[in-house]
Amino acid sequence: METTVKRQFSSKIALVFIASVLLFGSCRKEAEPEYSVPEEVEPYVQAFVNEAKARGLEMKIDNLIVEFAQPDGDFICGMCTSPTNHQKHIIIGIQKFCWKDASPQMREALVFHELGHCYLARFHTTKKFPDGTYASLMNPDDTEVYSICQYPINGATDCDKRPRRQYYIDELFNENTPAPSWAK
Ligand SMILES: [Zn+2]
């Protein structure tokens with residue numbers, strides 16, 4: 001009889017111990033997020049924090065892992081793999097057109113788009129202006145909305161869309177941003 005009681009007691013202690021290990025383990029994960037961002041991506045993360053700040057939004061990004069990898073599909077250049085977790089994780093496609101051959105504006109647009117998923121709880125939108133251009137950086141497939149000319153023909157500059165950047169960043173942080181003059 002006594003042995004049985006003792007056994008029950010020790011198994012209860014064991015349960016409490018396991019429970020506290022689990023609890024402690026998960027708390028620790030929350031308290032100590034990991035920050036690991038490749039050097040060539042870091043300036044864009046900082047730019048995102050600065051753009052947020054310029055719009056009155058204080059962001060502290062200390063829970064982000066960014067890595068270059070092959071995403072699920074060849075045509076995919078970025079993914080925020082767990083937007084609702086505290087620890088954020090972004091994959092940037094290793095395909096040449098995603099990063100290596102992309103303009104600085106395309107790289108920024110890609111990183112900002114993924115940060116939009118991860119930190120601004122934004123989803124894709126296919127909203128377009130009357131001329132057919134996407135109205136948001138959160139569009140599903142175009143990172144060239146405010147890019148410099150990638151392959152200008154005969155020195156043409158009409159493909160240089162850099163002046164449009166301001167609008168797209170405004171819209172990223174505030175979906176109710178009115179349409180810009182160039183889109184009317
Ligand atoms: Zn996306």
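Some ground rules come first. In this predicted model, local features need pLDDT of at least 70 and side-chain atom pairs count only at pLDDT 80 or more, while totals for chains, interfaces and linings use all residues. Residues are numbered from 1 along each chain as its sequence is written.

The protein has four helices and three strands, where helices (H or I, at least four residues) and strands (E, at least two) are DSSP runs numbered from the N terminus. Along the sequence these elements come in the pattern α-α-β-β-β-α-α. Of the 184 residues in the protein, 24% are buried. Here a residue counts as buried if 20 or more other C-beta atoms lie within 10 Å of its own, as exposed if 12 or fewer do, and as partly exposed in between, with C-beta atoms placed from the backbone. Among contacts with a separation of 6 or more, 53% involve residues 24 or more positions apart; two residues are in contact if their C-beta atoms, placed from the backbone, lie within 7 Å.

The strands can be taken next. Strand β3 (residues 88-93) is mostly covered, with five of its six residues buried. Strand β1 (residues 64-69) pairs with β3 in the parallel sense over six bridges, and Glu-67 stands opposite Ile-91 in β3. Strands are said to pair if DSSP finds at least two bridges between them. Strand β2 (residues 78-80) runs antiparallel to β3, joined by three bridges; the bridge partner of Gly-78 is Ile-92 in β3.

Helix α3 (residues 104-119) has 16 residues, which should span 22 Å at 1.5 Å a residue, and its end C-alpha atoms are 21 Å apart, in agreement with that value. The expected span is 1.5 Å times one less than the number of residues in the helix. Helix α3 is mostly covered, as 14 of its 16 residues are buried. Just after α3, Ala-121 takes a positive phi of about 55°.

From α2, Tyr-44, Val-45, Ala-47 and Phe-48 meet Arg-107, Glu-108, Val-111, Phe-112 and Leu-115 of α3.

Beyond its neighbours within four places in sequence, Phe-112 is in contact with Phe-48, Leu-137 and Leu-172. Its C-alpha atom is separated by 8.8 Å from that of Met-138, 26 residues apart along the chain.

Not counting residues up to four places away in sequence, Glu-171 touches Ala-135, Ser-136, Leu-137 and Thr-177. Glu-171 and Ala-135 are 36 residues apart in sequence, yet 8.3 Å apart in space, C-alpha to C-alpha.
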